[in-house]
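Subject: Structure handover

Hello,

Here is the structure for you to take over. My notes on what was found follow below it.

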Amino acid sequence: PPPPPPPLFRYFGCPADRRAGGGRGAAQPAPAPMAAPGGAAMSPRRVAVYGTLLPGCRNAGLMAGARRVGAAVAPGFALFAHCGPRCPAVARLGAPHAARVEVFDLPDEAAAAALDRLECYPDWYDRALVPVRLEGEGEGAGPVEVEAWIYFMSEEDAGRGGTAEMIASGSWKQYLDSLGVAWDAGLDPSPPPSEVPPALPT
């Protein structure tokens, strides 16, 4: 039979926190709020989400209070099943890749900091302000290009060294549907530190 999907290690806190028994997470200050190049606070705090933060998915509650701008495409970003059906990651690979995203304006710094904590930024995911194309809903009657923050990894890390599937459709929800997995499927127990992914040094 095929091997089981990789164990879940996300959303119980950063892997590095668990390696240290929670000490690192407790000792470090909260991540800095999202900022534009040069250090100025970003206003509005606009993000493009593509995985468990999507409406109806497991971590959508963190987007409560955010204003939905619309569905969009992030050109040049490839979507990977980073941990099988548990969580994805994107990597910037260029054309013809494109990830399907939802764009939101976050209400305040606390909401932005909550996303940084979820994504273990900058220790696990990085983020960048990138152009995305809205798909004729929300802002504008046709395709409109806006800038939004997106969390991403290197190709090596997002693809787990070639072991994680690249999702050809670019859509996390379509991928889950193809597997018969509910968008808000529950989590497995947190694994031991030995199962922290290779994307983080031990």
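Among contacts in the protein chain between residues at least 6 apart in sequence, 75% join residues at least 24 apart, where contact means heavy atoms within 4.5 Å. This is a predicted model, in which local features need pLDDT of at least 70 and side-chain atom pairs count only at pLDDT 80 or more, while totals for chains, interfaces and linings use all residues. Residues are numbered from 1 along each chain as its sequence is written, and side-chain values use heavy atoms, with hydrogens and water left out.

Overall layout

The protein chain has five helices and eight strands. Helices (H or I, at least four residues) and strands (E, at least two) are DSSP runs, numbered from the N terminus. Read from the N terminus, the order of elements is α-α-β-β-β-β-β-β-α-β-β-α-α. The chain has 202 residues, and 46% of them count as buried. Here buried means under 20% relative accessible area, exposed means over 50%, and partly exposed lies in between (1.4 Å probe, protein chains only). The accessible surface of the protein chain is about 9,400 Å², and carbon and sulfur atoms account for 55% of that surface. Areas come from the Shrake-Rupley method with a 1.4 Å probe; for residues, only the protein chains shown count as cover.

The core

The largest nonpolar core holds 48 residues, and Met63, Val103 and Val132 touch the most other members. Strand S8 (residues 143–152) supplies the largest share of this core, with six residues. A nonpolar core is a set of buried Ala, Val, Leu, Ile, Met, Phe, Trp, Tyr and Cys residues joined through side-chain atoms within 4.5 Å.

Leaving out residues up to four places away in sequence, valine 103 touches Arg46, Val47, Ala48, Arg67, Arg68, Val69, Gly70, Ala72, Val132, Leu134 and Ala148. One of these, valine 69, lies in strand S2 (residues 67–75). Valine 69 counts as buried because its relative accessibility is 1%. Valine 69 and valine 103 are 34 residues apart in sequence, with their C-alpha atoms 5.3 Å apart in space.

Helix H3 (residues 109–118) is mostly covered, with seven of its ten residues buried. The buried residues are Ala111, Ala112, Ala113, Ala114, Leu115, Asp116 and Leu118. They pack against strand S1 (45–49), strand S6 (98–106), strand S7 (126–135) and S8.

Cysteine 120 counts as buried because its relative accessibility is 4%. Proline 122 lies in the loop between H3 and S7, and the peptide bond from tyrosine 121 to proline 122 is cis, with omega near 5 degrees.

Other backbone features

A cis peptide bond also joins alanine 95 to proline 96, with omega near 10 degrees. Proline 96 sits in the loop between strand S5 (89–92) and S6. Arginine 160 has a positive phi of about 50 degrees, although it is not a glycine. Its place is in the loop between helix H4 (155–158) and helix H5 (172–179). With a relative accessible area of 18%, arginine 160 is buried.

Two contrasting residues

Histidine 82 lies in strand S4 (residues 82–85) and, at 0% relative accessibility, counts as buried. The C-alpha atoms of histidine 82 and isoleucine 167 are separated by 9.9 Å, and the two residues are 85 apart along the chain. Glutamate 156 lies in helix H4 and counts as exposed at 52% relative accessibility. Glutamate 156 and alanine 91 are 65 residues apart in sequence and 8.6 Å apart in space, C-alpha to C-alpha.

Cavities

There are two cavities of 30 Å³ or more. On a 1 Å grid over the protein atoms alone, a cavity is a set of points where a 1.4 Å probe fits but cannot get out; lining residues have an atom within 4 Å of a point. Grid points are joined across faces, edges and corners, and a volume is the space filled by probe spheres set on the points.

The second largest cavity has about 30 Å³ of space. Its lining consists of Thr52, Arg58, Pro85, Arg86, Trp172, Leu176, Val181, Ala182, Trp183 and Ala185. By class, seven of the lining residues are nonpolar, one is polar and two are charged. In this scheme Ala, Val, Leu, Ile, Met, Phe, Trp, Tyr, Cys and Pro count as nonpolar, Asp, Glu, Lys and Arg as charged, and the others, Gly among them, as polar.

Regards

Technical notes:
1 Å grid on protein atoms, 1.4 Å probe; cavity = no way out; pocket = protein on both sides within 12 Å on 5 of 7 lines; lining within 4 Å.
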